[in-house]
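Thanks, everyone. I have one structure to walk through today. Please put it up on the screen and follow along.

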Amino acid sequence: MKCTFCESEISKGTGMIFVKRDGSLEYFCSTKCRKNTHKLKRNPRYFKWTEKGQRVREKEMKLEQTELEKKKAGKQAK
Ligand SMILES: [Zn+2]
């Protein structure tokens, strides 16, 4: 069972299950994640402490690196 917001593993007996009006389930490891989803309506992509955010950050870092390498290659060509 994984947290809907931060995607970290929730052990049995902890966390909470939220049932949405359309019947779909949401799992939360802590009130922090629940608040971020419902009250603050945040997107986990923009937060370092979520798995999604970390993945997005890794992607961005890689993109930046390739761009830097491209720039370097361009300079050397001139
Ligand atoms: Zn969580």
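Start with the strands. This is a predicted model, and in it strand β1, residues 16–19, pairs with strand β2, residues 25–28. The sense is antiparallel, over four bridges. Two pairs to click on. F18 has E26 in β2 as its bridge partner. V19 stands opposite L25 in β2.

What do β1 and β2 form, and how many residues lie between them? They form a hairpin, with five residues between the two strands. Look at G23 in that turn. Its phi is positive, about 95 degrees.

Now the core. Which residues make up the largest nonpolar core? There are six in all: C3, F5, C6, F28, C29 and C33. As background, nonpolar side chains in soluble globular proteins tend to be buried together.

Next, helix α1, residues 31–39. Which residues of α1 are buried? They are C33, R34 and N36. Seen down the axis of α1, the buried residues fall within an arc of 165 degrees, so they line one face of the helix. On the other side of α1, T31 and K39 are exposed. And what do the buried residues of α1 pack against? They pack against β1 and β2.

Go on past the end of α1. K41 follows the helix. K41 sits in the loop between α1 and α2. Phi of K41 is near 50 degrees, a positive value in a residue other than glycine. Is K41 buried or exposed? Exposed: K41 has 7 other C-beta atoms within 10 Å, and the cut-off for exposed is 12 or fewer.

There is another case of positive phi to flag. E7 is a residue other than glycine, and its phi is near 65 degrees. E7 lies in the segment before β1. With 17 other C-beta atoms within 10 Å, E7 counts as partly exposed.

Stay in that segment. S8 is also found before β1. S8 has 14 C-beta neighbours inside 10 Å, so it counts as partly exposed. What does S8 contact, leaving aside neighbours within four places in sequence? The list is K2, C3, C29 and E51. Now compare sequence and space. S8 and T50 are 42 residues apart along the chain. Their C-alpha atoms are separated by 7.7 Å.

On to helix α2, residues 51–77. G53 lies in this helix. G53 is partly exposed, because it has 17 C-beta neighbours inside 10 Å. Again setting aside residues up to four places away, G53 touches P44, R45, Y46, F47 and K48. G53 and S30 are 23 residues apart in sequence. C-alpha to C-alpha, G53 and S30 are 17 Å apart.

Now zoom out. The protein chain has two helices and two strands. Along the sequence the pattern is β-β-α-α. The radius of gyration is 19 Å, well over the 12 Å that the globule rule gives for 78 residues, so the chain is more spread out than a compact globule. Along its principal axes, the C-alpha trace spans about 60 × 25 × 20 Å.

How much of the chain is buried? Of the 78 residues, 13% count as buried.

Last, confidence. The mean pLDDT of the protein chain is 90. Of its residues, 97% reach 70 or more. Where is confidence lowest, and where is it highest? The lowest is in α2, at a mean of 88. The highest is in β2, at 94.

To recap. The hairpin is β1 with β2. The buried residues of α1 pack against those two strands.

How values were computed:
Residues are numbered from 1 along each chain as its sequence is written. This is a predicted model: local features need pLDDT of at least 70, side-chain atom pairs count only at pLDDT 80 or more; totals for chains, interfaces and linings use all residues. Two strands pair if DSSP finds at least two bridges between them. A nonpolar core is a set of buried Ala, Val, Leu, Ile, Met, Phe, Trp, Tyr and Cys residues joined through C-beta atoms within 7 Å. A residue is buried if 20 or more other C-beta atoms lie within 10 Å of its own, exposed if 12 or fewer, and partly exposed in between; C-beta atoms are placed from the backbone. The arc is that of the directions from the helix axis to the C-beta atoms. Two residues are in contact if their C-beta atoms, placed from the backbone, lie within 7 Å. The radius of gyration is taken over C-alpha atoms; the globule rule is 2.2 Å times the number of residues to the power 0.38. pLDDT is the predictor's confidence in each residue, from 0 to 100.
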